[in-house]
Amino acid sequence: MKQKITVLTGAGISAESGIKTFRDSGGLWEEHRIEDVASPEGWARNKELVLNFYNQRRKQLLESKPNRAHFRLADLEEKFDVTIVTQNVYDLHERGGSTNIVHLHGELLKMRSSLDGSLVYDCTTDIHVGDKCPKGSQLRPNIVWFGEAVPEIENAIEIVRQSDILIVIGTSLVVYPAAGLVNYTRYEIPKWLIDPNDMPLPRIPNLKFVNEKATVGVDYLINILLYNV
Ligand code: OAD
């Protein structure tokens, strides 16, 4: 049986695809207030502002391409049973070739009914105020906003619990419950964290910090995991 690798990714893995992270200097949360564009309260106050924010993000995503880190993570599937658990709402892991992806915070290329979260549709164009689902309610991006439940978290916890190896890439690990996932790993398994910036490391055993950007760090790990060098 193949060993199970879980890769927990955040915005940093997309930085080399030209997509801004949230909390780095110049990041998205310097230009926009979380409570305005990524919360149910912001949605209740000003739907147009929220829709415009995600319409811009969607346009940028459609012009972006996966980078070497996304592609090389897909290569890991040659030898391992890999699950990508991502906080990112982009489809760059899919386009990079990974086949087993859990989107904790939803997906930008999907929209849903604002009244019934089970009504989800593909979305590659802008959403406007007045655009309605077939049942008549306003459509919204299929994104998990701050203050909303994270429907995939139990699934992700189970995946992390069963992993033989954990790799964390490009996340500041400040947004819960996603950030807490690292605490569900088995004690003895090897864990790596790839990030080019110094950051407070989670206090978990057997964690190695690869202080590199995602493309370089993933290359380094692939050499160890696939080629034992
Ligand atoms: P952050 O912006 O908080 O963190 C990005 C991390 O990526 C930081 O630790 C950076 O140092 C690192 N980084 C920057 N460039 C990198 C590179 N080239 N390679 C690797 N790492 C790099 O983003 P997240 O942790 O993903 O949620 O943020 C978590 C959640 O907060 C997001 O999913 C989003 C956001 O608000 C929602 O919108 C619900």
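A residue counts as buried when its relative accessible area is under 20%, as exposed when over 50%, and as partly exposed in between, using a 1.4 Å probe and protein chains only. With that in hand, welcome to this predicted model, where local features need pLDDT of at least 70, side-chain atom pairs count only at pLDDT 80 or more, and totals for chains, interfaces and linings use all residues. Residues are numbered from 1 along each chain as its sequence is written, and side-chain values use heavy atoms, with hydrogens and water left out.

**Cysteines**

- Searching the whole structure for disulfides (pairs of cysteine sulfur atoms within 2.5 Å) turns up zero.
- Cys123 takes part in no disulfide, and the nearest cysteine sulfur, at 13 Å, belongs to Cys133.
- Cys123 is buried, its relative accessible area being 4%.
- Cys133 is likewise buried, with a relative accessible area of 4%.

- A polar backbone atom of Ala11 lies 2.8 Å from an oxygen atom of the ligand.
- For Gly12, a polar backbone atom is 3.2 Å from a ligand nitrogen atom.
- The side chain of Trp29 places an N or O atom 2.9 Å from a ligand oxygen atom.
- Taken alone, the ligand exposes 800 Å² (Shrake-Rupley method, 1.4 Å probe), and the protein buries 93% of that.

Technical notes
Polar contact = N/O pair within 3.5 Å; in protein donor to acceptor, adjacent residues only side chain to side chain.
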